[in-house]
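Welcome! Work through the exercises below with the model open beside you, and try each task before you read its solution.

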Amino acid sequence: MSELFATTGTIAAIATAVVPQQGSVGIVRVSGSQAMAIAQSLFHAPGRQVWESHRVFYGYIRHPQTQQLVDEALLLVMKAPRSYTREDVVEFHCHGGIMAVQQVLQLCLENGARLAQPGEFTLRAFLNGRLDLTQAEGIADLVGAKSPQAAQSALAGLQGKLAHPIRQLRANCLDILAEIEARIDFEEDLPPLDDKAIISEIDKIALEITRLLATKDKGELLRTGLKVAIVGRPNVGKSSLLNAWSRSDRAIVTDLPGTTRDVVESQLVVGGIPVQVLDTAGIRETTDQVEKIGVERSRRAANAADLVLLTIDASAGWTEGDQEIYEQVEHRPLIIVINKIDLVNKDNSKNPQFKIESPKSQIFTAAAQNQGIDALETAILEIVQSGKVQAADMDLAINQRQGAALTQAKISLEQVQATITKQFPLDFWTIDLRGAIQSLGEITGEEVTESVLERIFSKFCIGK
């Protein structure tokens with residue numbers, strides 16, 4: 001059995017980020033049968049503070065042998081089962097930084113606790129029945145949320161909005177299984193099964209599974225974000241576009257072609273979706289070795305991006321260089337950004353001509369004047385919504401593991417229907433039906449293996 005599942009004993013870990021000179025409060029969390037004893041040996045509460053559950057105590061943390069003062073702190077006590085893990089839990093709320101929390105953690109380890117494994121607090125909450133697996137994954141998603149919408153989706157999972165329909169689907173499958181097995185065991189005492197009714201019920205279950213599966217791509221976008229690469233010839237305003245979009249001066253902007261020599265990144269949120277924007281070096285033939293490396297990185301960034309913004313200079317029109325770059329990226333999801341539109345004459349005597357063979361989304365910007373950014377974001381969202389990412393329930397977004405289990409459940413149900421259609425014996429009906437029940441149970445944790453749990457909880461931070 002792996003270390004992750006050695007869930008006996010008392011565990012301790014730092015539950016907050018440790019940042020030198022920046023964190024005002026640092027928390028050391030302890031869970032297990034020795035948590036109260038450890039707290040009482042380290043924490044000294046002056047006056048007549050009564051050691052009761054769900055109270056916050058003020059006092060001092062001292063070394064139990066030397067009585068040396070370690071920190072002035074607060075202590076939060078939560079006795080089982082009214083705690084996160086359903087075990088006795090105590091939290092030392094120390095001064096932030098590095099030294100205080102590390103010294104308190106070391107004292108906890110010296111006095112009966114062991115260092116928690118990644119995700120072990122949440123694993124204990126799951127094993128002790130406080131959370132199901134979808135709620136545990138919701139906690140991990142909430143901690144790692146990159147946008148308000150991602151946080152809302154995580155909270156939906158934490159509140160059981162995914163677990164409830166999954167349990168209902170599984171219960172429906174169990175009802176069908178019970179009907180079939182009853183005919184197997186008591187064939188002479190019960191009327192024969194209505195094949196069409198069974199197939200109809202399975203159709204309803206499969207339809208709901210399909211609805212849930214439709215949220216998978218939205219979930220991936222909310223969790224991992226969208227990678228957008230700004231590409232184009234040198235000096236078409238790519239860096240100006242990044243700066244205007246991010247409202248910062250992340251990229252150096254000059255009138256000299258080839259200023260950007262490497263990929264510059266910026267993190268944004270567009271319509272609730274986290275977006276990683278990559279400003280790339282201008283793509284052109286060059287003998288400069290450093291610039292040549294930058295150009296090659298630009299090509300790689302464009303090929304790896306989810307969406308490409310091909311930026312051109314409106315005042316120059318569509319050039320051979322633009323056409324060459326377009327031919328390299330036209331197979332990718334693409335928006336053509338016609339920049340520097342403010343330089344085009346108002347009488348249109350210098351109106352740019354754009355010779356694009358296949359229609360692509362086009363927007364006009366004047367990045368140096370902070371114009372056109374709203375139109376750019378609208379175009380991005382339209383591309384996202386016109387693709388595979390179409391979720392009926394925007395609050396609910398399944399992850400990759402849940403999607404794989406749902407897909408397997410749907411395949412098993414389709415096989416049940418095929419078995420019924422082919423008029424195989426009832427025993428054969430139950431085989432794939434049990435497979436669907438197992439797949440649905442894996443989502444909530446009612447049927448799950450140690451390897452799956454280890455894969456899930458090993459991705460958590462240690463203090464969670």
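**Exercise 1. A cluster of rings**

Task: Find the cluster that ring pairs build from Phe43, Trp51 and Phe57, and classify the pair of Trp51 and Phe57.

Solution. 

Before starting, note that this is a predicted model, in which local features need pLDDT of at least 70 and side-chain atom pairs count only at pLDDT 80 or more, while totals for chains, interfaces and linings use all residues. Residues are numbered from 1 along each chain as its sequence is written, and side-chain values use heavy atoms, with hydrogens and water left out.

Step 1. A pair of aromatic rings is described by the distance of the centres and the angle of the planes. Rings of Phe, Tyr and Trp (its six-membered ring) pair if their centres lie within 6.5 Å; planes under 30 degrees apart count as stacked, over 60 as edge-to-face and the rest as tilted.

Step 2. The structure holds seven aromatic pairs. In one of them, Trp51 and Phe57 have their centres 5.3 Å apart and an angle of 20° between the planes, which makes the pair stacked.

Step 3. Now look at cover, where buried means under 20% relative accessible area, exposed over 50%, and partly exposed in between (1.4 Å probe, protein chains only). Phe57 is buried because its relative accessibility is 0%, whereas Trp51, at 24%, is partly exposed.

**Exercise 2. Two tyrosines**

Task: Is the pair of Tyr58 and Tyr60 stacked or edge-to-face?

Solution. 

Step 1. The ring centres of Tyr58 and Tyr60 are 5.9 Å apart and their planes stand at 65°, so this pair is edge-to-face.

Step 2. Tyr58 has a relative accessible area of 36% and is therefore partly exposed. Tyr60 is partly exposed as well, at 27%.

Step 3. Tyr60 also has a charge over its ring: Arg62 lies over the face, 5.9 Å from the ring centre. The rule asks for NZ of Lys or CZ of Arg within 6 Å of the ring centre and within 35 degrees of the ring normal.

**Exercise 3. Around two listed residues**

Task: Which residues does UniProt list for "binding site", and what surrounds Arg29 and Lys464?

Solution. 

Step 1. The unreviewed UniProt entry lists Arg29, Glu91, Arg130 and Lys464. Such positions are given in the numbering used here, feature names are shortened, and annotations may be inferred rather than shown by experiment.

Step 2. Helices (H or I, at least four residues) and strands (E, at least two) are DSSP runs, numbered from the N terminus. With a relative accessible area of 13%, Arg29 is buried.

Step 3. Contact means heavy atoms within 4.5 Å. Leaving aside neighbours within four places in sequence, Arg29 is in contact with residues including Val89, Glu91, Phe121 and Lys464. Arg29 also lies over the face of Phe121, at 5.6 Å from the ring centre.

Step 4. Lys464 lies in the segment after helix H15 (450–457) and is partly exposed, at 23%. Beyond its neighbours within four places in sequence, Lys464 is in contact with Arg29, Tyr84, Gly119, Phe121, Thr122 and Ile139.

**Exercise 4. One face of a helix**

Task: Where do the buried residues of H15 fall, seen down its axis?

Solution. 

Step 1. Val452, Leu453, Ile456 and Phe457 are buried in H15. Their directions fall within an arc of 115°, so these buried residues line one face of the helix. The arc is that of the directions from the helix axis to the C-beta atoms.

Step 2. An α-helix has 3.6 residues a turn, so residues three or four places apart point the same way.

Step 3. Among the elements that cover the buried residues of H15 are helix H3 (120–127), helix H4 (133–143) and helix H13 (400–421).

**Exercise 5. Backbone exceptions**

Task: Which peptide bond is cis, and what is phi of Gln67 and of Gln423?

Solution. 

Step 1. Most residues other than glycine have a negative phi, and most peptide bonds are trans.

Step 2. The bond from Ala80 to Pro81 is cis, with omega near 0°. Pro81 is in the loop between strand S5 (69–78) and strand S6 (89–95).

Step 3. Gln67 has a positive phi, near 60°, and sits in the loop between strand S4 (55–62) and S5. Gln423 has a positive phi near 60° too; its loop runs between H13 and helix H14 (426–444). Gln67 is partly exposed, at 36%, whereas Gln423 is exposed, at 66%.
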